[in-house]
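Visitor: I would like to learn how to read a few features of a model. Please take me through them one at a time.

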Amino acid sequence: MARIDLVDLAHSYGGNDADPTSFALKPVTMTWRQGGAYALLGPSGCGKTTLLNLISGIVTPSRGQILFDGVDITPLSTRKRNIAQVFQFPVIYDTMTVGQNLAFPLRNRGVPKAEIDARVAQIANLLDLTPDLNRKATRLTADAKQKISLGRGLVRSDVAAVLFDEPLTVIDPELKWQLRSKLKALHRDLDLTMIYVTHDQTEALTFADTVVVMHDGRVVQSGTPAELFDKPAHTFVGYFIGSPGMNIVPAEVRGREARIDGHVIGLNRSYDSLPSGAKIEIGVRPEFVDIAPPAPGLLSANIDRIDDLGRVRFARVRIGDAKFAARVPPGLSIPEKSAGLKFDPSRVHVYADSLLVEGTA
Amino acid sequence: MDKTINQKAWFLVLPVFLVVAFSAILPLMTVVNYSMQDTFGNNQFFWNGVGWFKELLDPTTDLGERFFASLWRNLFFSAVILAIEVPLGIVVALSMPRDGWRVAACLVILALPLLIPWNVVGTIWQIFGRPDIGLLGYVLNNIGINYNYVSNEFDAWVTVIVMDVWHWTSLVALLCYAGLKSIPDAYYQAAQIDGASRWAVFTAIQLPKMNRVLLIAVLLRFMDSFMIYTEPFVVTGGGPGNSTTFVSIELVKIALGQFDLGKAAALSLVYNLIIIIVCWIFYTVMTNAGSERPASKGVA
């Protein structure tokens, strides 16, 4: 168990002298606290697996340091790092039984037999593997095999962190939910630091108390699910999290007003000192833009189509060239072609070159 | 739906029938025919029933004695070369580089012995081992080891075995290498995470993942060594005495040396039967190795 610090950590598969913009992981400095449940969220190729492999030592960083409880472990091999990792596809040892598979990480470290048995029994119980303990692992289904992989990751109680690299990819959707809540429960029971890599926002948001969003080799925001939803620090976070994602549209912002195609949207804060020459956009989540019958004082928009998600309906609308998604309030009969848009001014954020700008009150 | 009747399709199958008939079935039937008869030349044949088979399988007769002696000799030879080539091949495969230009270099070097015609292999070792002009024989005798594969049985055996190991270990190594290459990196990474030692990685991952190619390697090497003829024939001619006379060498001696067609035919049929049975056993083991057996009843 440990606090993990990344200090100016960066990696390029092309070697240290490669072009900095091509780095798989751009320099990052951050801290993972002991006992936290973290999710690393981002699309494929954003560097999240690289970051994970750097922490576990499978990949040696081009630059920077990794500290466990303040001790630099960057040069240490995976074996000496005291870390557990679960991979995307099940890895099981063919010749061993389920129980032997679970015991393998402990046996390799010379843990006394009684202790191994107790711990294996505990983990098997938590993962519902007890009835299969004496079966050969090769004979089980993919789901069960991945549970064994998970179990091997969790069986050591002394690890600095357990890393999960999209561990539920091969699992049936039905079982995915169960396993995810199981992992969450295990996190509470075992007091382990867990880092969970995924490209699925639901998975990330339900598992983690801190979600770290990555984009193009960079950590763009790390925060609670609520923070990511309410105040995305980067347009990518706004767009990536939420379904549908945040509306991000180019706008002219002056003082407390944003202009889109000549229409004015009021803002809660004042933006007087925006960097000149930067690309200015406003971002607002569809949940905070309501469709209303056309009325004076409301922005008028053309309706392209309605997405009925069952519980909630979203309208796809246009103001000039700018496309928006907006919520259709329950019970509202949808206007034919054009409608008014009601913005919640406190929820409209301003971005300069994709980064959130804090206005002045 | 009506089935289209088109008997012309038979003409497409016919060539295959003809080829198989002339290349396999007719020769085999000729051998079966010979095995039931005796001949004293002049194309005169006399019916002998299962007489040759009885004699062959009875170790108290001359034919039976020769057959069983060569059979045990041959099985011992196969066991020895398997015991050497399989572990050695695994070690070679494990110590090969995993990527880069060295892989290509290693593969080419390994493939070289496999590309040499068998009688050339025999000739190479025949000359290599000669005490008068062969590098190996000359050097051994000069450092005080009395080595002569022509007069000493043990030396003859060593020569034949070393030759086979030199010739065929590459095959085992290449098969094992292919098996090793097919193991996903995640297994090695997981083993590192799990703190597995080098030995544990070998026994828990590499060996189990190689077991199918190893079975194929053992099958191929067993078959080849059980049917070995050319190389020992070129080097030792089956001698000294009968010490390196393997089954196929004995067969040729009977068939062509003594022109005992009936005895030779009976021997070759039994020989063939043994090979088919061993193949079948291997095939059964291989197909069962990967399939699910009923789950064990054990419950913790």
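Guide: We will go through a helix pair, a hairpin and a chain interface in this predicted model.

Visitor: At what angle do helix 5 and helix 7 of chain B pack?

Guide: Helix 5 (residues 118–128) of chain B packs against helix 7 (residues 153–181) of chain B at an angle of about 135°, and their axes are 11 Å apart. Helix 5 of chain B is therefore oblique to helix 7 of chain B. The crossing of the two is right-handed.

Visitor: Which residues make the contact?

Guide: From helix 5 of chain B come W118(B), V121(B), G122(B) and W125(B), and from helix 7 of chain B come V162(B), M163(B), W166(B), H167(B) and W168(B). By class, seven of the contact residues are nonpolar, two are polar and none is charged.

Visitor: Now strands. In which sense do strand 12 and strand 13 of chain A pair?

Guide: In a regular strand, side chains alternate between the two faces of the sheet. Here strand 12 (residues 252–260) and strand 13 (residues 263–271) of chain A pair in the antiparallel sense, over five bridges. A258(A) stands opposite I265(A) of strand 13 of chain A. The two strands form a hairpin with two residues between them, and D261(A) in the turn has a positive phi of about 50°.

Visitor: How many residues are in contact between chain A and chain B?

Guide: 28 residues of chain A are in contact with 25 residues of chain B. The area buried between the chains is about 2,200 Å², with 55% given by carbon and sulfur atoms. On the chain A side, R79(A), Y93(A) and R139(A) lose the most area to chain B, together 26% of what that side buries.

Definitions and conventions: Residues numbered from 1 in each chain as written. Chains lettered and ligands numbered in written order. Predicted model: local features only at pLDDT ≥ 70, side-chain atom pairs only at ≥ 80, totals over all residues. Heavy atoms only, no water. Axes fitted to C-alpha atoms, helices over the stretch in contact; angles between N-to-C directions. Helix = DSSP H or I, 4+ residues; strand = E, 2+ residues; numbered from the N terminus. Parallel < 35°, antiparallel > 145°, perpendicular 65-115°, else oblique. Left-handed = near helix turned anticlockwise from the far one by under 90°. Contact = heavy atoms within 4.5 Å. Nonpolar A, V, L, I, M, F, W, Y, C, P; charged D, E, K, R; others polar. Pairing = 2+ DSSP bridges. Buried area = accessible area lost by both parts, 1.4 Å probe.
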